[in-house]
Amino acid sequence: MALSRAQMMAPDGHCKTFDEAADGYVRGEGGGIAVLKKLADAMRDGDRILAVIRGSAVNHDGRSGGLTAPSGPAQMGVILKALEMARVQPAEIGFGETHGTGTALGDPIEVEALSAVLCEGRD
């Protein structure tokens, strides 16, 4: 009830992340697993390699307007740090995973942060 009162839940029960009609999210449960192995070991063992993690970074939004209001500058900062750690240029990135709050406030902030960093050097 508290989440509904805070207008965080989609009243129609449909999450419309990154849509102009976004009006909240829908609760759900799921699970996933990623099996990580050192690249040299995977190559030695003849494993099928689907992806390579070249670098990562962690930070915190700091002061923000709340759970559905991410900090654009903080998101830009963590993306830039991950690129630096991986020694990768923004134009080399072909996929980005997002949080997607499903709100008209949070989603544009997230997309604008990704766009500000990853669109550098692209048409």
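Modeller: A helix here is a DSSP run of at least four residues and a strand a run of at least two, both numbered from the N terminus. By that reading the protein has four helices and zero strands, and its pattern along the sequence is α-α-α-α. The radius of gyration is 18 Å, well over the 14 Å that the globule rule gives for 123 residues, so the protein is more spread out than a compact globule. Please keep in mind that this is a predicted model.

Some background on the whole protein comes next. Its C-alpha atoms fill a box of roughly 55 × 35 × 30 Å along the principal axes. Of the 123 residues, 24% count as buried. The protein exposes about 9,300 Å², and carbon and sulfur atoms supply 55% of that area. Among contacts between residues at least 6 apart in sequence, 55% join residues at least 24 apart.

Now to the charges. There are 12 positive and 17 negative side chains, and the centres of the two sets lie 9 Å apart. Side chains of opposite charge can pair when their charged atoms come close. A salt bridge is counted where a side-chain nitrogen of Lys or Arg is within 4 Å of a carboxyl oxygen of Asp or Glu, and the structure holds seven salt bridges.

Part of this pairing is a network of salt bridges that links Lys37, Asp41, Arg44, Asp45 and Asp47. Arg44 has a relative accessible area of 59% and is exposed.

Another salt bridge joins Lys81 and Glu84, with the closest N and O atoms 3.5 Å apart. Both residues lie in helix H3, which covers residues 72–86, and they are three residues apart, about one turn of the helix. Lys81 counts as partly exposed, at 39% relative accessibility, whereas Glu84 is exposed, with a relative accessible area of 52%. The cut-off for exposed is over 50%, so Glu84 at 52% falls in the exposed class.

Conventions: Residues numbered from 1 in each chain as written. Predicted model: local features only at pLDDT ≥ 70, side-chain atom pairs only at ≥ 80, totals over all residues. Heavy atoms only, no water. Buried < 20%, exposed > 50% of the residue type's maximum accessible area, 1.4 Å probe, protein only. Rg over C-alpha atoms; globule rule 2.2 N^0.38 Å. Contact = heavy atoms within 4.5 Å. Areas by Shrake-Rupley, 256 points an atom, 1.4 Å probe, with all protein chains shown as cover. Lys, Arg positive; Asp, Glu negative; His and termini not counted. Charge placed at Lys NZ, Arg CZ, Asp CG, Glu CD.
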